[in-house]
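Work through the exercises below with the sequence and the 3D view open. Each task is followed by a solution in steps.

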Amino acid sequence: MKLLKAPLMAAMVGVSALGLSVAAPSDTQAQASVPVDVWALRSVVNAVQVSPDGKHVLVHKVESRDGEYLLEIYSTDDLSKPLRRLNADPMEIVSAQWVSNNFIFGTAWQVNRSTVKRPEQDVRDYLAYSYNLEENEFSKAAGEFQLIGTLPKEPNKILIAEGNAIPDPTGVDPFAAFRPRAYYKFNLESGGKELVMKGNSKFPTVQRWDSDGNPRYTSVLDANDGKLKEYYRKPGDGSWTLFQETDMEDQGNLYRILGGIHGIAGFSADDPNIGYLIDNRDGEDKAALYEFDFNTGSVGEKLVAVEDADIMGLQLHSIPGNDKVVAARYPGAKMERAWFDADEKALYDALEQQIPYAHQVTITSRSVDGKTMIVQNVGPRDPGSFWMVKNGQLAKLGSRNPLVNPEQLSDVKYIRYKARDGLEIPAYITIPKGEGPFPLVVQHNGGPHVNGMVLYDEIGQMLANAGYMVLHPENRISTGWGQKHFDAGYGEHGLAMQDDKDDGVKYLIEQGLVDPDRVAFMGWSYGGYAALVAASRENNLYQCSIAVAAVADAEKQYMGRRNTDLKALDEWSKRRGTIGVNPINEVSKVNIPLLMVHGDVDRRVMYYHFKDYKKAFEAAGKKGQFVTLEGADHFSNTLMFDHQQQLFTKVLDYLANDCGPGGL
C-alpha cells in the first residue's frame, strides 16, 4: 500500500467553510489550545461507504456548524466533485448506507414537538428512505425503522424492523429486546412494506437473523415462571425450539439479560446449522465463545475465551457476502480481536502500519471484488478519520473533526487499580501535556451497566487540552469485565460504585499523577447521578461537581418506568431507585460547589429531575449554578452545535473560576 499525502476529495472541510470562530482562547481557558467552537462541532464527516461494486462512494457530512447533514455521492474514479448532493428538507438525513450497487437506505428525522410529556417520548418524527442512484429518486416510508439486513435472494428488498432507527448509544434499556416488534421486507424501488413477522407476547422479537433473512434466535422473559427461555430455528423452520432456560428470579443470573452480550452471535459460513454462542457457562466468570449445533440444539466446544474480559461480539469478513467469522471481540485498551483468519488479520496489520495514529481500525465497507474499501480509524489522537484503499493505494478522505490537530490531542492509557474491597477496576486516563501532578476531573457517563471503553472522547480531550487529567473508571456493574464485576454492583448505586470512583482518585494521587487539592467530578446521565452523590459525600475528595442530565430523583425515575413482572429484575431496578442513595434526599449534605445542566426535552432523564432538585436545593439554603439547554435531548448524537457550545463553554469556565477557592 502507498500512503498518498494529498486528500482525494473536498470532504476535508476547512475553517472558512465551517464559519467557525477560531480566535485565541479566552481567559477562562487560558491553557487550552483548541477553541470551544471546534470541540462543539457535530461530526463533520459522519460516514463514508463504498458501494458493493466499488464504483461509488457515499459521504454523509455537514458543511457548517449550524447546518444540517447532507449526502454526497462520488464516482470512485473521480473524487474531485460529487455526482449527487442530496438533502431531505424539511427533514434531515441522519444515516445512510449502501444496500446494493444502486440503492442507499437510511433514516431522516425532523423536530416537530417542543415538549416531552412521558419517558422516551421523542420530539422528532422519523422516516425510512431508499435512494435509487440510477433514477435519482427517493422512496420513503413514514416511521422509525432499523435495517436488519439485505436479502441476497431478493436484491430489490431489504429486511427492516420497527424502532431503533438510530440505536441508543448508551444501550442501557434491558427490556428493549422483549418489547414486541414487527419485521418487514422493504421494497427499495417503491418504498412499500411487506410484513414478515410480527412480535407477540410469547415471542416479541427476533434477536438474530441469518444473511438470507431467516429468523434464527430469540430469547423470551416468561413472567409465568420467571425464566429466561432461549430458542432457535434452523433455516426454513416455521416454529421455535427451546434449547436453554435460566431462572431469572435468581439475582445471580441477571447478567444474562443486563450484560447485553449473551446468545447466538453468528453462524458458520460453511454450514448454516452451526452457530456461535456467547455465554459464561458452568459458573465461569467471563463470557466465552462456543460452537452451537442447530441440528441437535446442543452447545459444543469452547472456541475462545480471554482472561480479563468477556467476549462481546463477532467480526465477519470484510468482503460483503462472505459471512465467515474472522474474529471475536473483547474490551481492553481498545476493542481487541481474537483472530481466526490469518489473511484478514494480515490486512488489518498492514492498515495499522499505514494509518497515522492507528488505534481502532475498522474496514467499514468493501467492494465484492475486494479491491476497494473504506477504512475508519478512531483513537485518542484521531477523532475518526476515513480512508479509501483502491488498487493498493491508501488515501485519506475526511475526518469527523478536521479542525483538531493530532498533536493537540492527548494520549489515553488503560489501567487497572484496586478498590478498597479488593475488586480490580479497569479504567482509562486521559493525560494532558506537561508534567504532573495534574488537576483531575473524574468523568463518568451513562449506564451504569454499559461498557465505557474510551477510544476518542470529545469531552475528555477538551478537558485534557485545558490541562486537566481525566479519569474514566469502569466501576463495578460495568459490562464486558465478567459477571463478578457486574454482580458486585448490585444495589451499590451511590455506595460501593461511588467508592470505586473515589478509590481511582486516591490511586492516581498515590502515583504522584494528581494534585489532591485540585480534583473535580463531572458526569452525564447515571454519571450525573454520581456527580450529585459526590457533592454530598463526607470527607469530600472533590473541589466541585458538575452534573449533566442527572438522575436527581432516582425513586421517581424508578416508579415512573416500572415495566416488568419479574421480581429479580424489578428488585434490580428498585436498587437504582428506592433503595440506596437518592440525590434529591441528600441536598442538605451537599458541601462543595455544584453546577447542574439539563436539556429541557430530555426523553431518558426527564426535565423534572433538574427542576425538582433545583427547588429542593434552594429550599435547603444551598447555592449552586443551574443551566438549561433549550431544545436539548439526552443523547450526544441529538445535540446541535449551539447546545455543545453552551455546555462546553460553561464547563470550562466553571472549572477555571468557580470550582472551589480560586478554581481548579
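**Exercise 1.** Are Cys544 and Cys659 buried or exposed?

Solution. The model is predicted, so local features need pLDDT of at least 70 and side-chain atom pairs count only at pLDDT 80 or more, while totals for chains, interfaces and linings use all residues. Residues are numbered from 1 along each chain as its sequence is written, and side-chain values use heavy atoms, with hydrogens and water left out.

Step 1. Buried means under 20% relative accessible area, exposed over 50%, and partly exposed in between (1.4 Å probe, protein chains only).
Step 2. Cys544 and Cys659 are both buried.

**Exercise 2.** Describe the disulfide between Cys544 and Cys659.

Solution.
Step 1. A disulfide is counted when a pair of cysteine sulfur atoms lies within 2.5 Å. It is a covalent bond between the sulfur atoms of two cysteines.
Step 2. The structure holds 1 disulfide. Cys544 is joined to Cys659, with 2.0 Å from S to S.
Step 3. Cys544 lies in strand 34 (residues 544-548) and Cys659 in the segment after helix 12 (641-657), so the pair ties together parts that are 115 residues apart in sequence. Helices (H or I, at least four residues) and strands (E, at least two) are DSSP runs, numbered from the N terminus.
Step 4. The angle about the S-S bond is -95 degrees, and the link of Cys544 and Cys659 is left-handed.

**Exercise 3.** Which residue forms a salt bridge with Lys345?

Solution.
Step 1. A salt bridge needs a side-chain nitrogen of Lys or Arg within 4 Å of a carboxyl oxygen of Asp or Glu.
Step 2. The partner of Lys345 is Asp349, and their closest N and O atoms are 2.9 Å apart.
Step 3. Asp349 and Lys345 are 4 residues apart in helix 4 (residues 342-354), which means that about one helical turn separates them.
Step 4. Asp349 is partly exposed because its relative accessibility is 29%. Lys345 is also partly exposed, at 33%.

**Exercise 4.** Where do Arg476 and Asp421 lie?

Solution.
Step 1. Arg476 and Asp421 form a salt bridge, with 2.8 Å between the closest N and O atoms.
Step 2. Arg476 is in the loop between strand 32 (469-473) and helix 6 (483-487), and Asp421 is in the loop between strand 29 (411-418) and strand 30 (424-431), so the pair ties together parts 55 residues apart in sequence.
Step 3. Arg476 counts as buried because its relative accessibility is 4%.
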